[in-house]
Structures are given as structure tokens and as C-alpha cells.
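Trainee: Before we start, could we go through the terms used for this model and set each value against its definition?

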Amino acid sequence: MNKIKLGNIFVGNDLQPYFIADLAANHDGELSRAKELVWLAKESGAHCAKFQHFVADKIVNDVEFQKINSLKTHQSGWKGSVSEIYDQYHFKREWTEEVVKECKKAEIEFSTSPYDYDAVELVDEFVNFYKIGSGDISWIDFIQYVAKKNKPILIATGASTIDDVQRAVEIVDRKKLVLMQCNTNYTVETDKHKFVNLRVLEQYKKLFPDVVLGLSDHTLGHGSVLGATALGARVFEKHFTDDNNRIGPDHMFALNPINWRQMVDLSNEVFETMGDGVKKIEKNEENAFIVQRRSIVCNKSLKKGTILKKEDLDFLRPCPKDSFHPYEINSLIGKKLSVNKDKNESILKKDIC
């Protein structure tokens, strides 16, 4: 599988998981909180602090939202119109350079999801890769525009069909693409992990074998990330907050520093368990191999020159170096001992002639 460099770190099938803390709107419209979250994300094991560059009038339309206000979504409980909330919690564009500097101090990668053309132009000098949110997977012109910046692109595929995914993949350089399975549900429903559909990653492997796989996840636990790690995903994005009880659109379903660190540690453990796929006696099994395996032993004392018969032999642990395994018994029958052997001694290769 291809590997891609995200900032100073390569990601790919044989490389460790890469974690993106989506700080999203959890700065609550305050620059000081944005900076604080950067440091907390770094301390919690994130490789990247990602923000979202949007302004309300370029991303949402209250005229149409008001027509569907009976639709039950994560936005149903918001204390204001969709436009008002987006305006209240958006990342102020004049913060960009200052937050980038803070990320450099914290030694964490800065990135963002731009939601309009002006945002792309603003952040281009500061980002090493872009993230396209699931909601924009059908905005082909915009994806093409971002792709022309010639930087890696992460594309989330929540609430999408395979036709949507193929349409987007076709217009970008696959050698610079991280394709992320996603389930777009921002509620705190405890059973929403049932809809993550991680086996889509297997479909992506077959259709797009040259892309790096990832997961943009909104579940409340770690199961989806751990499962995706086992299936080959290597880039993970989850929302990050310092306090799940804060008021704001993204806090409730985000991970806090404690469970973020748990996710990182467990994911790295799963990654390490995957190994190279070659069945062999592992280095830490070498001693267990000796004490757990049976070897062929003499079931009575035998003199030098004895011609070995099946009734002279038994199979007992351990299995010393250069002894015979039970499946090798036919190679011993009819052979002559070159030394005296006591009862229950293993027969070694040098003991026969």
C-alpha cells in the first residue's frame, strides 16, 4: 500500500497509526481555548490538531433549515438557528497564524478543513495537508480546487454511496489520498457504533489498493478505531475536547484527554499485534517452544548399538535443541544408537548412526 507524508510523519499500511484531534468548534469561539486545546491534544497523544475554517453564510442556509426544523438531528437541541450557532462557534480567520505558531511550539501538526475557496487560499501557506469533510464529498469542483494545491488530501466518506466515493477518488491523485470511512452521526446514541460499517474498508482496499485508509469516527468508545486498525486503517480523526460537559455543538460526542490517550495506547497495541503476517516461531516463543513441545524419548534405558523400535520410544516434554519431534518417529525406527541412553532421555540427532 502507498505511504503518504503528513507533515513530518509518514503514514501507511506498515506504519503506526496517525491521530488527528479534530478540535472543530470546541474552542467555543475563544482564541485562548483554541491554544489550550492544542497543548492538551499533544499531551494526549495526537499527531495533529485540526480545526475547521468556515463562516456561517458560506456553509449554511437558514432559509432551507427552517423548512426542515422538524427533522430530528444533533442540531435539534441547539439554542439558536443553525446560522447563529455556526457564527458563534466558528474559528476566526484572524486567529490562523497565531494558532499555527502555537502548534509549532507544542510540536504538533496544524491542519484544517476549509469550507470555502477563500479559506483554502488563507490556510494554504500553513498546512501540509487538507481534510475534506463528508458533507462536501459531492462538491467536486471544490475538491478539484483543493487537489490543485498538490498536497495530501484526507477525504471523509460519511453518509455517502460508493458512487459518491468513486466520483471523488477519480479527481484526486491517489498517491496523495487518505480515504476515510465515516459514519456521519453527531448524536450521543450509545448504539451508533452499529452503523460504522468497518467492512467498507475492505471494499476500499479492493477498489483503491493504492490509497492509504483511515477512519473519521464519531462513536463514543474505542471499538471502531481498534477494529479499523486491524482492518488496515492508519489515519484516525476524532473530535477532541477538554470537558464533555461544556455547552457547545461538538463537546458531547468528543473524546476528552483521558479517553483519547486510552484510544491512542490501545490502537498502537492493536497495530503491534498485527505483525508481518508470516507464520513463524516468534522470538518470544523460542523458550516456550522448548518447554511446551514434546520430543522423542527412550521409555527405558537403551545400550549403545540398540536398533530402535517403536515400542522403545515415547513422546514427552521438553524438546531440547537437536532432538526429534513426534512426527519424525519414522525416521528413527530401525536406526542404531551410537551412545547409551537412560530412560526418558531425549534422543538427539548426534545419538544415532
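Trainee: How far apart are the axes of helix H7 and helix H8, and at what angle do they cross?

Mentor: This is a predicted model, in which local features need pLDDT of at least 70 and side-chain atom pairs count only at pLDDT 80 or more, while totals for chains, interfaces and linings use all residues. Residues are numbered from 1 along each chain as its sequence is written, and side-chain values use heavy atoms, with hydrogens and water left out. The axes of H7 (residues 162-169) and H8 (residues 200-207) come within 13 Å and cross at roughly 40 degrees, where an axis is a line fitted to C-alpha atoms, for helices over the stretch in contact, and angles run from 0 to 180 degrees between N-to-C directions. The helices themselves are DSSP runs of H or I with at least four residues, strands are runs of E with at least two, and both are numbered from the N terminus.

Trainee: Why are H7 and H8 called oblique to each other?

Mentor: Angles under 35 degrees count as roughly parallel, over 145 as roughly antiparallel, 65 to 115 as roughly perpendicular and the rest as oblique. An angle of roughly 40 degrees falls in that remainder, and H7 and H8 are therefore oblique. The contact between them, meaning heavy atoms within 4.5 Å, is made by Ile 162, Val 165 and Gln 166 of H7 and by Gln 203, Tyr 204 and Leu 207 of H8.

Trainee: How do the residues of the contact of H7 with H8 divide into nonpolar, polar and charged?

Mentor: They divide into 4 nonpolar, 2 polar and no charged, given that Ala, Val, Leu, Ile, Met, Phe, Trp, Tyr, Cys and Pro count as nonpolar, Asp, Glu, Lys and Arg as charged, and the others, Gly among them, as polar.

Trainee: What makes H9 roughly parallel to H10?

Mentor: Helix H9 (residues 223-230) and helix H10 (residues 257-274) pack at an angle of about 25 degrees, with their axes 9 Å apart, and that angle makes H9 roughly parallel to H10. Val 225, Leu 226, Thr 229 and Ala 230 in H9 meet residues of H10 including Met 263, Leu 266 and Phe 271. The residues of this contact of H9 with H10 divide into 8 nonpolar, 2 polar and no charged.

Trainee: What makes strand S3 mostly covered?

Mentor: In S3 (residues 18-22), 5 of its 5 residues are buried, where buried means under 20% relative accessible area, exposed over 50% and partly exposed in between, with a 1.4 Å probe and protein chains only. Tyr 18, Ile 20 and Asp 22 point one way from S3, and Phe 19 and Ala 21 the other way. In a regular strand the side chains alternate between the two faces of the sheet.

Trainee: How do you know that S3 pairs with strand S10 and with strand S4?

Mentor: Two strands pair if DSSP finds at least two bridges between them. There are 5 bridges joining S3 to S10 (residues 235-239), with the strands running parallel, and Asp 22 stands opposite His 239 in S10. Another 3 bridges join S3 to S4 (residues 48-53), also parallel, where Ala 49 is the bridge partner of Ala 21.

Trainee: What makes both faces of strand S7 covered?

Mentor: Ile 153 and Ile 155 on one side of S7 (residues 153-156), and Leu 154 and Ala 156 on the other, are all buried. S7 is joined by 3 bridges to strand S6 (residues 130-132), to which it runs parallel, and Lys 131 stands opposite Leu 154.

Trainee: Why does Asn 150 count as exposed, and why does Asn 344 count as partly exposed?

Mentor: Asn 150, in the loop between helix H6 (140-147) and S7, counts as exposed because its relative accessibility is 54%. Asn 344, in the segment after S12, counts as partly exposed because its relative accessibility is 44%. Although Asn 150 is not a glycine, its phi is positive, at about 60 degrees; Asn 344, likewise not a glycine, has a positive phi of about 70 degrees.

Trainee: Why does Ser 44 count as buried?

Mentor: Ser 44 lies in the loop between helix H1 (31-43) and S4, and its relative accessibility is 4%, so Ser 44 counts as buried. Leaving aside its neighbours within four places in sequence, Ser 44 is in contact with Phe 240, Pro 257, Trp 260, Arg 261 and Val 264.
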